[in-house]
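User: I am new to this structure and would like a close look at one part of it, the salt bridges. Could you walk me through them, please?

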Amino acid sequence: MNMKTIIAITLFGILNYSLQAKDAPQTNVTFKKVTLLDQYITEGASIADLDADGNLDIIAGSLWWKGPDFKQSFAYAPVKTYPIKGYAPNFFTFPDELTQDKWVDIIKVGLPSKPAEIFVNPAKEPWSPDNVKNSCECHKIHGSICNESPQYLDVIGNEQKELLFYDKGKILLARPTQDATKMWDVFDISGAQKSKKPYVHGLGAGDINGDHLQDILEKDGWWEQPKDWDSKAPWTFHKYAFAPGKGGAQMFAYDVDGDGDNDVVTALDAHAYGMAWHEQITVDNKISFKAHTVMTDKVEGNPYGVCFSQLHAMECADIDGDGIKDIITGKCYYAHKGKDPGAEDPAVLYWFKTQRHADGSAEFIPYLIDDNSGVGRQVSVADINKDGKMDIVIGSKKGVFAFIQK
């Protein structure tokens with residue numbers, strides 16, 4: 001046995017140790033991996049009933065796969081594949097019924113600083129998956145989306161979703177006018193922030209102060225939604241370093257430890273290592289947080305020996321059906337063309353079970369789903385086959401995949 005072989009075996013042993021959770025409690029949750037495409041076309045995937053047949057479909061880039069078996073794919077815009085050392089212009093797809101007909105439309109967001117667009121009725125007259133020139137009706141709805149974790153959700157509480165993002169140094173909300181194909185109305189949350197430059201990471205929303213209004217989360221703190229907001233007044237900023245470094249992926253607020261208030265879960269650096277949850281506490285009669293490390297840049301930094309980098313996408317959903325939300329995330333393979341720490345490590349996908357303990361503490365238990373897919377910038381979760389169990393879809397530089405819970 002030569003030295004190269006010894007090194008390879010040693011590294012393989014370390015690799016397996018850092019991927020498989022050590023001494024984790026048994027789980028009945030397992031997934032079947034379905035490869036929809038083994039080429040790089042997008043950084044994200046989403047789920048909706050595009051063709052109005054009652055079954056959920058999977059959307060990734062300019063393609064969609066027809067449910068419930070996902071064996072047929074169609075295009076709604078030109079399809080192109082990309083090298084893993086490049087960037088597909090498709091980062092996020094947010095499906096919604098916006099044009100007052102039975103067809104679901106798609107909001108597409110690309111590279112930071114590029115426009116957001118709406119594709120109208122993409123499944124009404126679809127093209128074959130080898131389409132390279134045709135597109136359904138498409139309109140620009142905002143000129144520039146300048147961060148890497150935009151979200152589409154109901155922040156204001158009017159049963160209409162808004163696009164949450166940064167642009168020109170501001171945190172903004174955009175929502176459609178009466179005609180969703182026109183430029184959307186934009187509302188300033190923060191005012192200009194010198195630190196908010198294009199390609200900033202980490203963004204989300206959740207009710208932090210318990211007033212039943214959605215507040216906005218970013219890596220440096222949270223923005224409190226005013227009561228009876230007039231759509232003009234700036235929100236109040238509460239400084240707290242959720243992610244002291246570069247910032248990570250989508251951010252979530254939910255009651256991790258079961259004590260009645262919402263805590264915050266975040267990746268720490270989308271292009272390096274780290275994940276944490278922040279327990280909401282009270283200090284001098286004010287809301288504050290206590291940080292709890294979930295994962296670091298070393299296997300010793302996680303109780304179960306799990307360590308991976310580039311947590312660039314994250315989702316929050318109840319995976320195991322226990323009534324408590326969990327976290328789904330993984331490695332964004334070659335997010336910076338192979339230049340990030342741990343770039344050559346396997347493209348893993350995990351779910352982290354939120355485990356509450358009798359003493360009031362909580363932890364996140366990692367369970368490996370797959371080691372050759374990872375995440376891009378967007379992970380989506382839904383019960384796509386209507387069996388009562390949550391499934392996961394991702395688009396990454398490895399391809400497009402569905403993980404069907406058994």
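Analyst: Let's start with D167 and K168, which form a salt bridge whose closest N and O atoms are 3.5 Å apart. The term stands for a side-chain nitrogen of Lys or Arg within 4 Å of a carboxyl oxygen of Asp or Glu. D167 is buried at 5% relative accessible area, while K168 is exposed at 68%; buried means under 20% relative accessible area, exposed over 50%, and partly exposed in between, with a 1.4 Å probe and protein chains only.

A word on the source: this is a predicted model, where local features need pLDDT of at least 70, side-chain atom pairs count only at pLDDT 80 or more, and totals for chains, interfaces and linings use all residues. Residues are numbered from 1 along each chain as its sequence is written, and side-chain values use heavy atoms, leaving out hydrogens and water.

Next come K170 and D188, whose side chains meet in a salt bridge at 3.7 Å, N to O. K170 sits in strand 12 (residues 170-175) and D188 in strand 13 (residues 185-188), so this pair ties together parts 18 residues apart in sequence. Strands here are DSSP runs of E, at least two residues, numbered from the N terminus. K170 is partly exposed at 29%, and D188 is partly exposed too, at 26%.

Now look at D211, which forms a salt bridge with K227, the closest N and O atoms being 3.8 Å apart. D211 is in the loop between strand 14 (203-206) and strand 15 (215-218), and K227 in the loop between strand 16 (221-224) and strand 17 (236-239), 16 residues apart. D211 is buried at 17%, whereas K227 is exposed at 59%.

Finally, E43, E148 and R377 are linked in a network of salt bridges. The count of salt bridges comes to 12.

Definitions and conventions: Helix = DSSP H or I, 4+ residues; strand = E, 2+ residues; numbered from the N terminus.
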